[in-house]
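Work through the exercises below with the structure open beside you. Try each task before reading its solution.

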Amino acid sequence: MSGREPRRAVVTGIGAVTPHGIGTEVFWKTTVGGGSSLAALDRGGCEGYPLRVAGQVRGFDPAALVEETFLVQTDRFTHFAMAAARLALEDALLADADFDSPYSVGVVTAAGSGGGEFGQRELQNLWGQGSKYVGPYQSIAWFYAASTGQISIRHGFKGPCGVVASDEAGGLDALAQAARTVRHGTDTVVVGAAEAPLAPYSIVCQLGYPELSRATRPDHAYRPFTSEACGFAPAEGGAVLVLEEERAARARGAEVRATVAGHGATFTGASRWAESRDGLAHAIDIALGEAGCRPEDVDVVYADALGVPEADRAEAGALADALGPHARRVPVTAPKTGTGRAYCAAPVLDVTAAVLGLQHGLIPPTPHVTDPCHDLDLVTGPARAVEARTALVLSRGLMGCNAALVLRKGGARGPHR
Amino acid sequence: MTDQVSYEVTLEDLAALMKRTAGVSVDPDQFARQADAGFDTFGLDSLGLLGIVAELEKRYGLSMPPDAERCKSPAEFLALINSALTTGV
Amino acid sequence: MSRRVAVTGIGVVAPGGTGVTRFWDLLSQGRTATRRISLFDPAGLRSQIAAECDFDPAAHGLDPTTVERCDRYVQFALVAAREAVQHAGLDMTRENPWRTGVSLGTAVGGTTRLEQDYVLVSERGARWDVDARKAGPALERAFSPSTLASAVAEEFGAHGPVQTVSTGCTSGLDAVGYAHQAVADGRVDVCIAGASDSPISPITMACFDAIKATSPNNDDPAHASRPFDAHRNGFVMGEGAAVLVLEELEHARARGAQVLCEIAGYATFGNAHHMTGLTKDGLEMARAIETALDEARLDPTVIDYVNAHGSGTKQNDRHETAAVKRALGEHAYKTPMSSIKSMVGHSLGAIGSIELVACVLALTHQVVPPTANYETPDPECDLDYVPREARERRLRGVLSVGSGFGGFQSAVVLTGPERKA
């Protein structure tokens, strides 16, 4: 180091399209109020399956946020991503910005389910009518890279573009990749994840996950860390964040909400939940090390909270392993029990809640959970007022990936502008 | 091929197809006035035009000439495909 | 911190033969592996040809459970990874599993299996509310693209960062690029990197038919893929996988591994232009090349071979020629540039890694593979495309480039093993 301050990646904008509604404000209000948007799954064609409860995005008018030329050539997952990206850029006051160079803005998304609804429609055209009935947009709508490509094209961003097509933990990996891209010299990266797995054939595919909740009551479907835990409820929607190099953000007077300070990723095997204890603990160690944090610096944990007893036990164990005695004192929350798990987008929504929670000095609660059966200080009931400085966000994927992300309030020079 | 006389794709038909298959809305007056302008003026890209050609092929049960998707303007496109439709190519 | 990144092992499943030896035989002899599609009946399609792998999972040691659980593209990856890890002499019991990662790319993932099961559950497209009871086992593994990296990580007991990368047709370069960054940054010491795709299925062929991107040369499949030739008319679909073992250079030396070459630089940019269309000037790909060379601290004149994306579409080959000329300047005219897609087709996300393996082999043998079927020059493509026959040449630095749907432009720079710090 030549004495020059290292480059840091800070959050300056957030856009969310979630089961709680359209926009970051309604997401935060509902989340902090402990509200739940889990409900009976009633999308057309999706009603007859042993998946009864999900987090659906209702009242989403894509045309209000995305031009029609983009809508016809993209799946619902890209509609969510493009809408969230626009909201994030507006939030960062960058929607109409004149960037010095188009190469100074990159785009990274994570995607775990692709354009399932669009794909099913085109499969139906092909097998029901013939190959000439497959339209020209199938080639760019179904694949996992659609959202990154379309966001880059729509906004003219030519910086490094990436797509992590991963399990849930991929959402945190995408954020880490974006933060590294910023540290390595790109000033701004638009990063996030959005999923739309609630189409008939996509649901049929998910029925193979033993972790999927088959409960019929919305208030019983997803209750991690309790003795009634019976799996997770899936969800659609997502969030996009604007990450910027701290000095560049301050130079333009942007509000610096939080710093992406550390990340760790490990792998311990698909559905081997007991082994994820070790994996998650390692990921936490690595993330804290990169952030230069001690375990006792962690003020709040956003848990993965899968809702499978063995997995919940492993997560509580991982926290004990990685944080030591502090694990019993630190508040832990899982607001995703109010939205469901939107695959790669699930941890991005947690990051969104964590950044807003740091800003507002509040820890949102874990809806539907009243009496946790693990030795954790799980935040249930009302939100808790805590002047937190450091948040730890955890995620695990159904294919065996574990990830931890450390967020610190504000930037290097403290939380305020 | 019978009853070829009724095969005539108009500017209005094309505008409707652009809207439906490519999500491109055009102002009818401007579209009529500028029928010689490039498709890109109206926001239609190469994939959009391919989709329209495929749509017409399905509608009329005919193959369009290979140059159809390379036409630069609405006027050029309509001239080519209407000629193909009336000759039954 | 930036550490040097060595390649210590390679493995490949490609059309024309499984394994590095048969792959290099095909390339160095300039033979083509494109033919009429046999994996399904392609009648009625505009493009009925592809480069297929004659792949027998059992012959490659995959047990029936693995075959049932894993889609064809995952099987390819497992076989390629075994070859690469063995080639590297990597003994996983002696490695720190938490410092061993996996980074694998795929463009379309499990779509082939997804389509096969779709036909059953939808009663051949008859119903939207498909019948879950007709779905085959482990369908969720086809649904999740993460399966690819996960299956390979489980095979070798890797516990470090494991990710599947999906940037369309640059996936194979980007997955290795990300692995390169992970090793260079010090996040892992070893990374099993590569890509796999098995896209030869009705839906994928039909969707490229719809945009007329694939070649309709159904009468002459063996000569259908014609990159840079004036009579090129689209790409020929392919399938396959390739895996490279990336390792921190000192880590490789310490365990006495053979260093095949180094990955010296990587960069990727978006063109923000069009999901499928390319600009005429190739500005963004040129920038990716320049940035990768900067990272490698190499002068463009050290590049002795360019492994082209060379898909054989009118637009791509023109775009790429412009980009390479812009980035390498006059040196571009003195540098051979070839496309192995002329021989093994375009396997979407996999091809970037297959091409990187070809680059490693080119460096090892000091031989440039040719562009098969190249006969008639195109005035817009005026570089040396190594027509039809492989060429011996002193190779120091090698550049591999790729373009993908979404507008992605990526470049990887490799250098021979003798390079000094």
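## Exercises on chain C

Ala267(C) stands opposite Ala411(C) in strand 16 of chain C. The model is predicted: local features need pLDDT of at least 70, side-chain atom pairs count only at pLDDT 80 or more, and totals for chains, interfaces and linings use all residues. Residues are numbered from 1 along each chain as its sequence is written, with chains lettered from A and ligands numbered from 1 in the order in which they are written.

**Exercise 1.** Find the strands that pair with strand 16 of chain C.

Solution.
- Take strands as DSSP runs of E with at least two residues, and helices as runs of H or I with at least four, numbered from the N terminus.
- Two strands pair if DSSP finds at least two bridges between them.
- Strand 10 of chain C pairs with strand 16 in the antiparallel sense, over eight bridges.
- Strand 15 of chain C also pairs with strand 16 in the antiparallel sense, over eight bridges. Here Leu399(C) faces Val413(C).
- Strands 15 and 16 of chain C form a hairpin with three residues between them. In the turn, Gly406(C) has a positive phi of about 110°.

**Exercise 2.** Decide whether strand 16 of chain C is buried or exposed.

Solution.
- Count C-beta atoms, placed from the backbone: a residue is buried if 20 or more others lie within 10 Å of its own, exposed if 12 or fewer, and partly exposed in between.
- Eight of the eight residues of strand 16 of chain C are buried.
- Check one side: Phe408(C), Ser410(C), Val412(C) and Leu414(C) are buried.
- Check the other: Gln409(C), Ala411(C), Val413(C) and Thr415(C) are buried too.

**Exercise 3.** Describe the surroundings of helix 10 of chain C.

Solution.
- Eleven of its 14 residues are buried, so helix 10 of chain C is largely enclosed by the rest of the structure.
- Among the buried residues are Leu283(C), Arg287(C) and Ala296(C).
- The buried residues pack against strand 10, helix 11 (314-328), strand 15 (397-404) and strand 16 (408-415) of chain C.
- Just after the helix, Arg297(C) takes a positive phi of about 55°.

**Exercise 4.** Characterise the side of chain C that touches chain A.

Solution.
- Residues are in contact if their C-beta atoms, placed from the backbone, lie within 7 Å.
- On that basis, 65 residues of chain C contact 65 residues of chain A.
- Helix 8 of chain C gives the largest share of this side, seven residues.

Note on methods
Two residues are in contact if their C-beta atoms, placed from the backbone, lie within 7 Å. Ala, Val, Leu, Ile, Met, Phe, Trp, Tyr, Cys and Pro count as nonpolar, Asp, Glu, Lys and Arg as charged, and the others, Gly among them, as polar.
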